[in-house]
Structures are given as structure tokens and as C-alpha cells.
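Hi,

Here is the structure I promised to send over. Have a look at it first, and then read on for what turned up.

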Amino acid sequence: MQPRAVFGILGALLLISSTTFLCGLITAFVYEEQTILPFAACLVFSLVAGIGFWLARDPSRELRSRDAFLVVGLSYATIGLVGSAPFLLIPNIASSIPDAVFESVSGFTTTGATVLSGLDEYPKSVLLYRQLLQWVGGMGIIVLAVAILPLLGVGGVQLYKAEAPGSERELSMPLRVKETAKALWMIYVGLTAACSIAYAFAGMSVFDAICHALSTVAIGGFSTHDASIGYFNSGVIESVAIVFMLISGINFMIHYIAFHGRRGESWIGHVVRSYANDSEIRLYLAVILVVTTVVTVRLISATDLSMQSMRDGIFQSVSFATTTGFTTANYEAWPLVCPALLLFASFIGGCTGSTAGGIKVYRILLLAHQGIREIRRLIQPGAIFNVLVDGRRVNDRVLETAWGFLAVYAASFVLLVSAMLMLGDLDFKSAFAAVAACLNNLGPGLGEVSSNYQSLSGGEKWVLMFAMVLGRLEILTVLVLFAPRYWRR
């Protein structure tokens, strides 16, 4: 263990995250709000703490693989706590420490679950700050650090692997990790800018367009209004959101390949081939299409053939399947199969290497192929079958990892639901949905947590915060810190 190397990285991350306070402070000045002092205090504290940790580092110590897991875990805990300060310092925002930390962790993990209400009356600086939390957390502040701080060197690779476990496909790119992270952030920023412009042209105010673009590309789901996207009641705005939710749920390395890897062919042909030839993207779109079709048809059959039913069915299906969590309707009042299917769709989530949550489509694809292989082995016991994805053989170690992840995910889910039932008086439906929404980084759930988590007890909120971090770091990165073997020399 290299504690001074760990502290140095945490200091750098605190300095980077302090930009969210700076943006909140600037917004408070622009709109002449009473939040200037709280944001200024948070900014100063973050800078002082970050510089202190940074100066305590030992430049001669290189970050090792074991240390990277601790850095990632501590970074989400530290920044989640520090990020809660504005919600506590600004009057009439969070009513307790658990509420403030819950909102901060929910934002930074891009979950989108909220304990706040009356958002339409909040200061714009607070609203923008919430959105920025999601935007920074969307690609991962660890990847941001790798892009900005070349001094991490080899340690940067270890951080990237810890932040995005199971991302072997991304790391196989012929790029150094620092260059990869920079490329990803350029795409991320470009998509955010494009989404902002599209929202503005669709009818949003400039402020709302920027705020919603930040949470859309991050697949976070925070909004500046209690009614979320439904506040605007605009089919054009909903269409823009659908397009960018779908794009953001795709592996960002595929975006990079599509727009930078052309070799002697037309640009359009290369882009189409890059996306069409990826089996994960095909399954991702197929799942969303099936969910959308079932939900929309059931809605229409339960009500009438109306444009509003179709709009709501399509929008909510894409929002839940990509784990964004925007809403346009009271889906809780729909026929039971609709909200249930929407929640189950979030278990699959988006593609690996995207800002989406869930188990990830690539793992589902691997498990499906493995299941087919086992059936074929039963039919032909003596034959040898390989699992092929996009024409390439998948190593058995990768398949074992996928199965291991699923087993740990299922066990974690059961334990978290049990904890929720023991700590409070939630009914099973609400407890199940709350854990699913937080572990999958979705946000809105069912029952008592369909729109807000304010009514939960402090203990229940801490459990759900842990679930958010588990989901964001894909469980294994966090659980490894609880293994006694990890702490042995």
C-alpha cells in the first residue's frame, strides 16, 4: 500500500471536482442569488483540502494496482461527502445530513434519485450544480484525472481499469490510456454541446437546455423541474432527449472508432459499419425496441389510440432502458406490466463503456452465448464449442468474470433488499424497486419511491447510497476492499 500516492491522487480529484463549486459560484453571481457565500466557502475548502493532499504526496511512489481500488472507492466516498456541502449550507435545500449526502452521491453516481422537491423554485446556481455533479460523474472523474494529469503514468492504467472493470475491449484500443481518456472526454463534451444546442432549438430556455444536456449525456436524469421532461410537454424536446439518451448508452469507444478510424473508405460507410457490425449495439437496440413495443401496445390497449400514449410509452421505455430516469408521465398509474417491464429493462442497462448503469448489454450477450454453448454441449458432449462475439473468440476467463459478476450482483441485490425491509417499514414492492433503481443507477422506482426518496429513513438512505456506489463501480471494485486478503501485505 502506498498511502502518500493515494492521498496525492485524492488531492488531484478534489481540485478537479472543485470546478463544480466554481460554476455554482459564477451562476450565483450572474443571477445575483443568495448562494454566493456557501459556494465560495465550498470552493475554498475543496481547494485547500485538495492542495493539502497533493502536497502530501510522494512523487517517487508509483500507484500500484492494489492502490487503484482504494483510490476509486475513496474518491466516490470523499467527493460524495464534500459535494453534499452546498445542500447543507444553503437554506431550505436538504433537511438533514443523510439527505444532503444522498443528493450528492445520487448526482455523482448519475443515479438521479432525489430527496428534493419544489425544484422549480430553487436558485439556478443550485440547479446547475446538481446537473454538473451528474455530468462530472458521467464519464467518471477518474478518467478525467487520467486525461488531465499525465503524471499518473502507469498508475493511470490501473485507475482506468478500477473505474471501469470489465472494459477489456476499450483497453485493447491502440492508444495509451491518457490519450484514450482525452478522446473519450472530447466526444463527451462534443455530445453535451450538441445536445444543448438541440434542446435550445427544440424550445428550452438556454439555462434549461444546458442543464438538461448535462444530465442527458451523463444518463443521470436530474432535471430543473419536479415534472422532469414532462414539464415542457413537447414532442420535439422528448425526441431530442430520446436521440441523445440512445447515443449516450452506446460504448464511447465505438463512437471514437466510428469517427476516427476510417481506412480507405467513405466516411458515411465507415460510420454505419462501425455501429452495425457491433453485436452489443444490435442487442442494445433490440432490447429497447422490444420494451418500447410491449409498453406502448399495452398502454394503447388500456387507454386509446392516442399520440400522447405513444409518446409516453416510447419516451419512458428509452429513459428506463438506458437508466436515464427522465419522466414525462405518471407511469406508476399504468397497467402493472408496464412499470414492471420498465424497471426490469434497467437491469440490463446500456452498453459497456457508456455512461449508463445496469448489468450492461455486453455481459447479457456473453451469458446468452454461454447458455447456447451449454445446450449444444448437451446435444454433442464430445464436441468443442467456442463462444464467438463479432467473429472473435471470447476467452473463458472473460466468461467466468461475467458469471461471477452476475452471481455477486444477485447476492448483493438480495442483501440490499433485505436490509431495506429490516431498517424501515417499506412494502416489498417499494424496497425491491428502490434497490433496483439505485443499484442500476436508474433513479425513479415504484411504489413509495416512484417520484421521491424523501420519506425514507436515514438508515434506508445510507443503504441506497451504498447501492448507488456499488452499481456505479460495478460491485466488484467496491467489494474487493472488504476482502481481508486485500489488506494483507
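Glu474 counts as buried, because its relative accessibility is 11% and the cut-off for buried is under 20%. Keep in mind that this is a predicted model. What does the side chain of Glu474 meet in a salt bridge? Its partner is Arg363, at 2.6 Å from N to O. Arg363 is buried too, since its relative accessible area is 10%, again under the 20% cut-off.

That pair links distant parts of the chain. Glu474 sits in the loop between H21 and helix H22 (476–479), while Arg363 belongs to helix H18 (residues 361–379). The two are 111 residues apart.

One is within helix H18, where Glu374 and Arg377 are three residues apart, or about one turn of the helix. The closest N and O atoms of Glu374 and Arg377 are 3.0 Å apart. Glu374 is partly exposed because its relative accessibility is 32%, and Arg377, with a relative accessible area of 33%, is partly exposed as well; that class covers values between 20% and 50%.

The other is in helix H19 (residues 396–423), which holds both Arg397 and Glu400. Here too the spacing is three residues, about one turn of the helix. The side chains of Arg397 and Glu400 meet at 3.8 Å, N to O, and both residues are exposed.

Now for the nonpolar side of things. Leu81, Leu88, Leu89, Ile97 and Trp462 make a nonpolar surface patch of about 490 Å². Of these, Trp462 is found in helix H21 (residues 458–472). Is Trp462 buried, partly exposed or exposed? With 41% relative accessibility, Trp462 counts as partly exposed.

Last, a helix pair. Helix H3 (residues 65–82) packs with helix H5 (residues 97–108), their axes 8 Å apart. The angle between H3 and H5 is about 130°, so H3 is oblique to H5. As for handedness, H3 and H5 cross in a right-handed way.

Cheers

Technical notes. Residues are numbered from 1 along each chain as its sequence is written. This is a predicted model: local features need pLDDT of at least 70, side-chain atom pairs count only at pLDDT 80 or more; totals for chains, interfaces and linings use all residues. Side-chain values use heavy atoms; hydrogens and water are left out. Patches are made of residues with over 30% relative accessible area and no salt bridge: like charges are joined within 9 Å, nonpolar side chains (Val, Leu, Ile, Met, Phe, Trp, Tyr) within 5 Å. Accessible areas come from the Shrake-Rupley method with a 1.4 Å probe; for residues, only the protein chains shown count as cover. A salt bridge is a side-chain nitrogen of Lys or Arg within 4 Å of a carboxyl oxygen of Asp or Glu. Helices (H or I, at least four residues) and strands (E, at least two) are DSSP runs, numbered from the N terminus. Buried means under 20% relative accessible area, exposed over 50%, partly exposed in between (1.4 Å probe, protein chains only). Axes are lines fitted to C-alpha atoms, for helices over the stretch in contact, and angles run from 0 to 180 degrees between N-to-C directions. Angles under 35 degrees count as roughly parallel, over 145 as roughly antiparallel, 65 to 115 as roughly perpendicular and the rest as oblique. A crossing is left-handed if the near helix is turned anticlockwise from the far one by less than a right angle, and right-handed if clockwise.
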